[in-house]
Amino acid sequence: MNDIFSDYFAQRDNFLTRLDARLKVVFVIMAIILTLGSRKVFVPWCIILSVPVILLSLKVPLKIIIHRICAPLGIALSILCIQTFYYGGTPIWRLHIGALSLTAYAEGLRYGYAIVLKIMASTSWVLFLSMTTSLPKLLEAGLWFKLPPAWIEVCFLTYRYIFVLLEDAKTVFDAPFRSLRSLGVLAGTIVIKAYDQSIATYEAMMLRGYKNINQDLVTMERFKTADFLAVFIFGLILIALGMSC
Amino acid sequence: MAMKKTAFYLVLSAIFCLLASGNAWAMHISEGILPMKWAGLWYLIALPFVIKGVRDIKKKTEINPHFKVLLGLMGAVIFIISCMPVPVPTAGTCSHPAGTGISAVLVGPVMSILVTSIALLIQALFLAHGGLTTWGADIVSMGVMGSFAAYFSFRILQKLKAPLFLCGFIAGLLADWATYATTSFELASALHGSKSMLSLFYTILVAFIPTQLPLGILEGFLTGGMVVFVYKRRPDILHSLGVIKKAIPVCIFALGFAALLLASQTALAQEQGKWPGVDVNVVEKFAQEQGRPAWTPFINTDQGDLLLFVFLLAGAAGGFMAGFCWRKLFCEREGAQ
């Protein structure tokens with residue numbers, strides 16, 4: 001889990017990780033919206049091919065990129081399959097399974113293919129964001145965008161405790177699995193550990209003078225020259241995407 | 001014709017299953033699947049629940065100071081449980097539970113939606129599990145539907161005095177199935193094109209059955225087992241989170257009831273004559289106007305101490321019954337608990 005948790009790569013120092021998180025968030029959200037609205041087939045293809053190249057240049061292992069893309073790809077292929085056999089009126093080929101025949105339609109195939117491309121292109125954008133921006137930076141940007149501080153605070157705590165509980169969960173799940181009852185015991189153990197940990201953490205936080213997170217604590221840096229350059233490049237990409245819609 | 005159609009959907013679903021079985025992330029709708037208008041609609045539906053959750057944090061933190069930290073940890077628990085691969089023998093693959101059954105039972109449905117939204121965001125960003133545009137749809141299916149299904153089933157069964165394991169089991173089971181039914185609906189509503197939405201909904205639903213039917217049962221065991229385990233080891237956790245109400249001693253109940261009875265009798269005695277009932281004011285009055293005055297009752301309990309005697313008899317019979325069944329009513333139940 002730690003390997004595929006792509007936040008790890010966002011901790012590295014390179015041109016893209018140094019860019020302001022606010023810029024990247026706005027860019028990726030707009031890019032996803034424009035990609036979904038795109039009518040040209042080559043646009044998603046360009047994104048699908050170029051994002052992994054950018055990530056490889058940042059020395060993200062190919063195995064990790066493939067691993068991350070595999071899950072949405074499986075779902076995308078299922079959607080393609082359903083659409084091909086389900087939707088349309090122009091038959092392209094028939095599949096005979098015993099007495100039953102399935103007909104694939106041209107319209108369904110086209111529609112499914114477009115969905116597959118959009119899924120993979122949007123996933124590539126998210127991959128780009130997550131591999132270049134760590135969650136704490138994203139949450140700080142969220143606080144700057146006036147997201148509720150309480151939500152951000154719980155998000156921070158969740159992020160912190162995923163790694164703590166992962167270790168505990170690993171120990172618990174490595175224990176021999178005897179029966180269905182063991183499942184409950186495993187989950188119960190994690191819940192008890194989580195509860196005790198929450199009390200201990202709260203006390204420790206109070207002793208260290210912790211106060212609630214609020215907008216005043218946002219320490220976003222001012223935009224640098226590299227950020228302005230990024231705005232220009234991102235702007236060009238967005239205009240190109242917008243023209244394809 | 002109907003048989004052929006059913007067979008067609010079954011074969012289509014089987015293909016869907018074979019393709020989807022390669023990964024364990026079928027519960028979340030992937031990035032880019034939903035068209036923008038549908039993605040926006042699901043965002044709008046999810047938003048009020050998340051806002052309500054954010055507002056409730058403050059109130060809950062005032063009662064329980066470490067509640068916010070607990071929520072953070074609960075988010076991590078959901079994250080881990082919904083990433084936990086569980087082997088599904090019928091489909092020959094791995095899938096994963098929702099985890100919202102556990103959180104809904106422990107921290108309530110609204111807080112469960114809040115932590116689910118956080119777990120889903122982190123999964124979407126860093127594991128390609130779900131997506132940013134489909135975040136709203138995923139919150140509705142896993143957070144809203146899963147949590148409410150779990151919470152209400154748990155509470156209803158608790159009211160019906162069902163065993164704790166059964167309450168948790170049904171909560172986990174329904175949380176999982178409700179999530180998948182909603183995911184199927186979300187996919188079908190967005191992707192049906194010019195064809196019937198219902199038929200695509202059934203296709204996707206049938207496709208989920210080989211993995212989700214057994215997985216729902218497994219999640220039931222997970223949630224039920226968790227509640228019982230925590231109750232046995234650390235009942236204070238369930239009491240402090242309000243999952244199980246502390247048993248109020250019978251004597252407090254009896255004293256309260258007696259005080260209420262006494263107060264009502266005193267008030268009645270003071271108000272005697274001031275507030276005649278609807279029978280006297282309306283029914284008797286109109287009956288009299290129509291020439292149908294009230295008859296003298298065949299058994300007139302107003303005469304002598306007859307009413308008192310009847311109450312005495314009822315009390316004695318009730319007391320005898322309660323005494324006769326005392327062990328069954330109280331001792332055995334306590335022992336079982």
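Two residues are in contact here if their C-beta atoms, placed from the backbone, lie within 7 Å. Keep that cut-off for the stops below. The model is predicted.

**Stop 1: the two chains together**

Colour by chain and select the side of chain B that faces chain A. By the contact criterion, 70 residues of chain B meet 71 residues of chain A. On the chain B side, the elements giving two or more residues are α1 (2-20), α2 (36-63), α3 (67-81), α4 (100-107), α5 (109-127) and α8 (197-233) of chain B.

**Stop 2: chain A as a whole**

Chain A has 10 helices and two strands. From one end of the sequence to the other, the order in chain A is α-α-α-α-α-β-β-α-α-α-α-α. Of its 245 residues, 41% count as buried. For contacts in chain A between residues at least 6 apart in sequence, 73% link residues at least 24 apart.

Now colour chain A by pLDDT. The mean is 82, and 89% of the residues score at least 70. Helix α3 (residues 21-37) of chain A has the highest confidence, with a mean of 89, while helix α1 (residues 7-10) of chain A has the lowest, at 76. Where pLDDT is low, the predicted coordinates should not be read in detail.

**Stop 3: a helix pair in chain A**

Select residues 62-86 and 106-132 of chain A, which are helices α5 and α6. Their axes come within 7 Å and cross at roughly 165 degrees. Angles over 145 degrees count as roughly antiparallel, and α5(A) and α6(A) are therefore roughly antiparallel to each other. The crossing of α5(A) past α6(A) is right-handed.

Show side chains where the two helices meet. On α5(A) the residues include A:Arg68, A:Pro72, A:Leu73, A:Ile79 and A:Tyr86. On α6(A), A:Leu109, A:Tyr113, A:Val116, A:Met120 and A:Leu127 are among them. By class, this contact has 16 nonpolar, five polar and one charged residues.

**Stop 4**

Is A:Leu183 buried or exposed? A:Leu183 is buried, because 24 other C-beta atoms lie within 10 Å. Leaving out residues up to four places away in sequence, A:Leu183 touches B:Leu218, B:Phe221, B:Leu222 and B:Gly225.

Next, go to A:Leu49 in helix α4 (residues 42-57) of chain A. A:Leu49 has 11 other C-beta atoms within 10 Å, so A:Leu49 is exposed.

**Stop 5: two lysines with positive phi**

Most residues other than glycine have a negative phi. Select A:Lys146, in the loop between α7 (135-144) and α8 (149-173) of chain A. Its phi is near 65 degrees, a positive value. A:Lys146 counts as exposed, with 9 C-beta neighbours inside 10 Å.

Finish in chain B with B:Lys161, in the loop between α6 (135-159) and α7 (164-191) of chain B. What is the phi of B:Lys161? The phi of B:Lys161 is positive, about 65 degrees. B:Lys161 has 8 other C-beta atoms within 10 Å and is exposed.

Notes:
Residues numbered from 1 in each chain as written. Chains lettered and ligands numbered in written order. Predicted model: local features only at pLDDT ≥ 70, side-chain atom pairs only at ≥ 80, totals over all residues. Helix = DSSP H or I, 4+ residues; strand = E, 2+ residues; numbered from the N terminus. Buried ≥ 20, exposed ≤ 12 C-beta atoms within 10 Å, placed from the backbone. Axes fitted to C-alpha atoms, helices over the stretch in contact; angles between N-to-C directions. Parallel < 35°, antiparallel > 145°, perpendicular 65-115°, else oblique. Left-handed = near helix turned anticlockwise from the far one by under 90°. Nonpolar A, V, L, I, M, F, W, Y, C, P; charged D, E, K, R; others polar. pLDDT = per-residue confidence, 0-100.
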